[in-house]
Structures are given as structure tokens and as C-alpha cells.
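These notebook entries record what I looked up, one topic at a time. I began with helix packing and then turned to the chain contact, the charged pairs and the backbone.

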Amino acid sequence: MPPKPQSPTTSVRVVTLTIDDIDVGAREDETLLQVAAENGVRIPSLCHLDGLGEWGGCRLCLVEVEGSSKLLSACSTHVAEGMCVRTDSEKLRRYRKTIVELLFAERNHVCSVCVSNGHCELQDLATECGVDHVRVPYRNDVFHVDSSHDLFRVDHNRCVLCTRCVRVCDEIEGAHTWDVMGRGAGCRVITDLNQPWGESDTCTSCGKCVQVCPTGALVRKGTAVGEMEKTPDFLPYLTQMRGEV
Amino acid sequence: MQLDDLKARADELRSEAARSHRIRVCLAASCQSSGAGEVCEGFERAVESAGRGDDVEVRRVGCLGLCSAGPLVAVDGRNAAFSELYRHVGPDDVEGLLDSVEGEPVEQLRCPTDVPFFQRQHKVVLENSGLVDPDRIEDYIAQDGYQALVRAVTEMTPEDVLREVQTSGLRGRGGAGYPAGLKWSTVAKAVESPKYVICNGDEGDPGAFMDRAVLESDPHRVLEGMALAAYAVGASRGFVYVRAEYPLAVERLERAIRQATKEGFLGHGVCASPFDFTIELRMGAGAFVCGEETALMASIEGLRGQPRPRPPYPAESGLWGGPTLINNVETLANVPPVVRNGGEWFASIGTPDSTGTKVFALAGRVENTGLVEVPMGITLREIVEEVGGGVPDGRAFKAVQTGGPSGGCIPVELTETSVEYDTLRAVGSIMGSGGMIVMDETSCMVDVARYFMEFCMTESCGKCIPCRAGTVQLHDLLVKIADRRATSADLALLEELCEVVQMTSLCGLGQTAPNPVQSTLRYFRHEYEERLVETPPGEFLVPLDVVDT
Ligand SMILES: Cc1cc2nc3c(=O)[nH]c(=O)nc-3n(C[C@H](O)[C@H](O)[C@H](O)COP(=O)(O)O)c2cc1C
Ligand code: SF4
């Protein structure tokens, strides 16, 4: 008799589904975003980062799933047998474009004077979604810049509130220095109990938050326009090595 | 405890109460704020000094219904000889009313109850409201309280209870109208444990106070409903989530939980059966979004009150990852009568699709403001013109808004629409949790839309981009239109943004925030168009202040 199949954890079924008319196979515990990426289908996203817990806030990865009246975020939706998914349609493209425009108008993303110019995920998204101008009025609210940390700086004018910094600091570094305060448009990422970053007791100065920040909101000091390049690729490796995934 | 013991106790309590005259003083929040506390103490002192403590009982009760006429006092003669309701009672009226217990009503204070406001109502949820003292479990028992629970745990299986709720056709009263029986059976089917039951008493819709009235006037009903739900789905821990702005509800709930635990209706081995169920209270700190179920659960867990994407739904993975049943206060308050009288009885009230009754908080330009409980299927016009007494000051009735910031405005031409989940949805509004605002000809619909958008904008949790940034833009556009600074391009942008925010927001707050705009655009588009201009007044780019570090 052949040996029984053994699974390292609890048993996970394998399913097949279609994404944009491509037949794909997937493990039941995978998300649509993961499976799409494995099969070369790119779904725009901003708050998602491989190696971090899912947040579901940017709404860029919304997809159409047959049989569901609502759009579903690909990062938080698990695959299911026979699912029929569409990641790109006229409507989805229009929604994504508007969301990126809303982000640009919300705070002060002046790329030409930003240290992340040219290495910014928001810029890339604008290009990808075909944003060539912003139709909603710019808010022009002034946000604070905190330079009190020896090595890093946070510029809230460029923050998109993706909470990657909050998650990496909590989940990976274990310091939980960052959090979010306030409501609605008044939301802000804060260090400790809304103290200046430089005075934080919990910050280990590891710089992970800077590396995962998609824009020029969290940067290394001493960088000039366009010089701030980030490398968040260490994350999936780190989580895998720790056996957390 | 057996059902017969409880029934005997109820009979005894009733006959004991019938032996004296009774003065019921409404001490719900609304009457309290107009001086009912003083009136009640006045009665207590007067009864004592007249030495009538033995034959006149002063009872502190919950909402008597017509909040706009408070403080309200009801006087019942011994052996149910007569019952009179009095309005606008002040401390000076105490003596006269005390004398009236013998059967001589005080004419100038009388509040007639043979009018449509009272006659057209059908009380199920509020059946005990105004009759029982919310601080006394005996009063609830005297109204056959806890009999459904005792019968369930001693004579019925969880499946039996579930079947009654399914037969009743009861749908969620928290806004979306999801069938309660279906939700319960999903949680009952879940294999993981522990399971939880949550009562959603966050009630954040502006102007709505249905749940507050239930919690303040008849808290034991909600506890019994939760215990029945827990028995049906197999949960042993429950939470009531009440907003901290309802201190009276919190106080009464706390006392009710203590009393019910002491009497054995809650706690270890409910009514000497093997079923355990405890209830804890959690207070919300005033965020509207914490009424959304996933945000509410995060809040109970001690996290920031922010929604998360669903699925997974709470029934599958809720509080601390366990299968969780979450229902609105009014939904749960309907459960004891459903189990006591049977699901068929409940289904015979209302319409086939929307069974039972609904409590509405009637407000705005209407004669009788306050809480009304009406059978489903009644038309909006009947509620406004008959129950509500119509629009005052001879003005014309223009529209009625239901569903608060998630709902829509229904114009007067459509007020023959019956109050049912699907018919209200078809005319662009929703049943909602029970806010109902009547508007007359002087109300400006752009203003109404702007008001609700401002509410959503300030209450947005900020997690997702379309709601956080979109509601701000929508609000600005509405202000611009109201101020006659907008062009037709702005109106087009308004409509487009409405669609994006509705379709892409994470939770119900953002998804429904455009509803008031869309429904007023549907029926009152001319009010928007009238305010548009050809060329906008000159606009300047605001220069950025130099950013300080
Ligand atoms: C922004 C928002 C606020 C809500 N507020 C409440 C509330 O205050 N009370 C309530 O019962 N349900 C509220 N809900 C609905 C709940 O999420 C949930 O659907 C409800 O409690 C389920 O109970 P039901 O099935 O008995 O209606 C809210 C939903 C959203 C999206
Ligand atoms: S829709 Fe609004 S309230 Fe809901 S998660 Fe998004 S930002 Fe928060």
C-alpha cells in the first residue's frame, strides 16, 4: 500500500479558477493577489506588501468576481474552486485612476522636490493607472514634518496612510513604535504616544519603516532630490526564515 | 427552575400589583431631561406624606412614547379600573394627579390615547416600555419575561429555537435587513469554538434613539434575546456594546445583568440546565464607525475601531477569530416574543417579506415627534400624517428621509410606498435602523445632502482612500453647489465621485455615504441645477505655507 499523503500542517486543498480568462491552479489558503502574481497577472496595489499582514485600505486591488455584486479586494479574498475573476475592466480602470487622483489631491505630493522622485510607488501607480492630471481640487492642507530622529525623517505631506510602517514595526521588528491617530482626513501616523520620533523610547532605529514606505514620507536624512531608493525585498525572506508564513 | 414555577411567580406578582393604584412616571432620557426626575420624587414624597404607601405605587418606568409631550405620567386605577396618560406634568401637578387615582381625571393635563398616534401603533418590541420599572426584574417577570428562555433551555433543543426564528422571518433591524434565522444558522453550523454573541447597541445614526429606548426601558428583554440566541447557536459568552453617550442605558443594563445572574437566568447553568451564558458590557467611545460589525469587534478586542474587509464574515471568523453572532438591539428584543408566541405568530404581523414591526424615531417637521412602533407594510404617508399628526404650521409635506446618513429622501409623491425592506430600497432609500426625518417645503435638499455628507466625512475612520479622501471632496462640492459657486462640470464630478466612493469603499459607511446625494439628485435634481452658475467666481490657488520642521 502506498504511504498516505502527509501534509506538514493541516491539509490544504488545491483548487482551480480563472483569472482574466487564464486557467490557474492555487492552494485554497492563497489570496487572489498572490495567485494572480504567480501567474503573471499584475493587479495594482499600494498598501499590500509581500511579507506583511494584509490591510485592505487602498482599494486599488479591487477585482470583479462572478456571482458577487460587490467588488472584492484581491489582497483579502481567498481563492475558491471555480471562481471567475476579472482584474481589468473599463470600470475598474476608471475607479483605480480616480483613487490615485484622490490620493494626489489629498496631501502635497510635489514630486519635483521629493527625495523619492523616480523611486516612488505612488508615481509608478499614477503612470500605471494613466493619471496624467488630477481632476479633483488639491486640498493644499499643510502637514507637519518631523526631523527629530537622528537618522530618519517623516514628512506627513507625502504620507498615503498605507500603514506599512505600522505593520512592519509591529509584526517584524516587534517594537510597535508606529500607530495611527485621528479620524478621516485627519488621520496621521504617529510614533509612540504622538511624541517626536527622536524622543521615542521604543524605536530601535532599525529603519525598516523607511524601507517599506512607498513614498517620500519616511526617508533617510541627508538624501537629496531623487536620491532615496528603498529596498523592501528583505521582508518575504525574513518572514520565510522565521517560519511565519 | 421550571416554566410552571416562573408562570406562578408571574401570576402572583401581577395580582399583588393589581391590589394598589399605580402612578407610572416615565424616566427615559428624554422625559428626564424635561424634569421627570423631580416629578417622580414629588410623587414619592406626596404618597408618603399622605400615608398612602400601601395603596398607591409610584413606578419609575421607561419610555411612554410621545417624547415631545414629556414629562409623561400614566395613572392606573386599582384592578385596572381605568388608565389615563398625562402630558407636560410639572412638580405642581403632583397633588392633583395623586387625587385622580380614585377615578377623577385631571382634564387639562390629559393626553388622549384614542388618537392615531397611539391607535396605529403595534407594540412588540416596546410592549413593556412604560409598563415596567427597568430596574426591577420582578416587573419583567410579571410581564411573562424570561418564560421563553426557561422554556427553551428546559423543553426545546437549540434547533427548535432556531426553527422558530427562521419561521418568524425576522430580519436584522440594524440597517441591512439580513435574515436573522439565516445568520443564526450559519453561526450554529460553525464547528470552531468558543462562539460569541454580540448585541450591537452603538446606535450612531443622527437623531435615532430606538435602541436607547429599548435598553433604557426594558433591558431584560435584550438580555433574554441574547441568551436565546446563545442557546440556539451554541455560544457561552456574550457582549453588549453600548455607546458611552447612553449612561442611563449602561447603568440599567449593568443592574439588569446583575439581577438576571442572581436569579439564575444568566451565568453558570442557566435555569439549572447545562447551558452556560455570561454577558459583559463594553462601551463605545463615540465613533459612528464602531457600529459597523468588524470595527465593533476590533473595539471589543481593545484595538482601534476600524473595519476590515469581509469575507470572512463574523459568523465564520469574528471576535478573537471565533464564530460570532452579531445582532442589533431591536433584532434581539424581538426574539423573546418570537420564541414565546411562536414564529408563525410573528410572521402574521407585517408583510411576507418584512415581518413584524419596526420602531422609528420620528423627527423633523412633524407634529408628534418621538418613538413609534408600527407594523411593517404601513405606508410612509400613514406614519407621517396619521401617526405623526402631519406637518405643522400649515406647511406642505415635501419628503421623508429614512436610513440616516446611509439612506435616502423619498419625495411626497412616493409616500404611498409601504415600509418594507425591498420597497424602500426600490425607491432609493433603505429601512435603516429607524431614523425618520420629515421635511416640509422649506427644506433645501442640497443642504440635506450636505449635512449627511459632513457627517460621513467627519465619521470616516480614514482607513480606505475613497471614503477618507472622497467624502471630503464630495462635501466640498456640495458646499460649492449650495453657495452657488459650482458649474455643471462640478455636478458631473459629484456624480462620478459618488459612484467611485460607493463602489470602492471598504465598509458600509463609505459605500452608503453617497446615498443621500444620489437620492436627492434622483428626485430633486432641479434644486441642484438651480444653483449652478455658468462661470465660477474667480478662484485662486492657495499658496503653501512654508513648512516648519
Ligand atoms: C458605518 C456603520 C454603522 C453601523 N452602525 C450600527 C449601529 O449603530 N447599530 C447596529 O445595530 N448596526 C449598525 N450597523 C450594522 C452592523 O454592521 C451590523 O450589520 C448589524 O449590527 C447586524 O445586526 P442585524 O442583522 O440585527 O441588523 C452599522 C453599519 C455600518 C456600516
Ligand atoms: S469606508 Fe470609511 S469608515 Fe469604512 S473603512 Fe473605509 S474609511 Fe473607514
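**Entry 1. Two helices of chain B.** I looked up how helix H1 (residues 3-18) of chain B lies against helix H7 (residues 147-155) of chain B in this predicted model. Their axes are 9 Å apart and the packing angle is about 165°. An angle over 145 degrees counts as roughly antiparallel, so H1(B) and H7(B) are roughly antiparallel to each other. I noted the crossing of H1(B) and H7(B) as left-handed. On the side of H1(B), the residues in contact are Leu3(B), Leu6(B), Lys7(B) and Ala10(B), and on the side of H7(B) they are Gln147(B), Val150(B), Arg151(B) and Glu155(B). I sorted the residues of this contact into four nonpolar, one polar and three charged.

**Entry 2. A second pair in chain B.** Next I took helix H9 (residues 180-189) and helix H11 (residues 219-233), both of chain B, whose axes lie 8 Å apart at an angle of about 50°. H9(B) and H11(B) are therefore oblique to each other. Trp184(B), Val187(B) and Ala188(B) of H9(B) touch Leu228(B), Ala229(B), Ala232(B) and Val233(B) of H11(B).

**Entry 3. Between the chains.** I then asked how many residues of chain B are in contact with chain A. The answer is 39 residues of chain B, against 41 residues of chain A. The two chains bury about 3400 Å² between them, with 59% of it on carbon and sulfur atoms. On the chain B side, Ile465(B), Arg468(B) and Gln473(B) lose the most area to chain A, together 18% of what that side buries.

The axes of helix H2 (residues 90-106) of chain A and helix H20 (residues 465-482) of chain B come within 9 Å and cross at roughly 65°. That makes H2(A) roughly perpendicular to H20(B). The crossing is left-handed. The contact as a whole divides into seven nonpolar, two polar and two charged residues.

**Entry 4. Charged pairs.** Side chains of opposite charge can pair when their charged atoms come close. I counted 59 salt bridges over all chains, and five across the interface of chain B and chain A. One salt bridge joins Glu459(B) to Arg183(A) at 2.9 Å, N to O. Within chain A, Arg42(A) and Glu128(A) form a salt bridge, also listed at 2.9 Å, N to O. This pair links distant parts of the chain, 86 residues apart: Arg42(A) is in the loop between helix H1 (32-38) and strand S3 (62-65), and Glu128(A) is in helix H3 (residues 121-128).

**Entry 5. Backbone exceptions.** Most residues other than glycine have a negative phi, and most peptide bonds are trans. I found a cis peptide bond between Ser193(B) and Pro194(B), with omega about 0°. Pro194(B) lies in the loop between H9 and strand S5 (196-201) of chain B. The bond from Pro311(B) to Pro312(B) is cis as well, with omega near 0°. In chain A, Thr163(A) has a positive phi, near 65°, and sits in the loop between strand S7 (152-155) and helix H4 (164-173).

How values were computed:
Residues are numbered from 1 along each chain as its sequence is written. Chains are lettered from A and ligands numbered from 1 in the order in which they are written. This is a predicted model: local features need pLDDT of at least 70, side-chain atom pairs count only at pLDDT 80 or more; totals for chains, interfaces and linings use all residues. Side-chain values use heavy atoms; hydrogens and water are left out. Axes are lines fitted to C-alpha atoms, for helices over the stretch in contact, and angles run from 0 to 180 degrees between N-to-C directions. Helices (H or I, at least four residues) and strands (E, at least two) are DSSP runs, numbered from the N terminus. Angles under 35 degrees count as roughly parallel, over 145 as roughly antiparallel, 65 to 115 as roughly perpendicular and the rest as oblique. A crossing is left-handed if the near helix is turned anticlockwise from the far one by less than a right angle, and right-handed if clockwise. Ala, Val, Leu, Ile, Met, Phe, Trp, Tyr, Cys and Pro count as nonpolar, Asp, Glu, Lys and Arg as charged, and the others, Gly among them, as polar. Contact means heavy atoms within 4.5 Å. Buried area is the accessible area (1.4 Å probe) that two parts lose on being put together, summed over both. A salt bridge is a side-chain nitrogen of Lys or Arg within 4 Å of a carboxyl oxygen of Asp or Glu.
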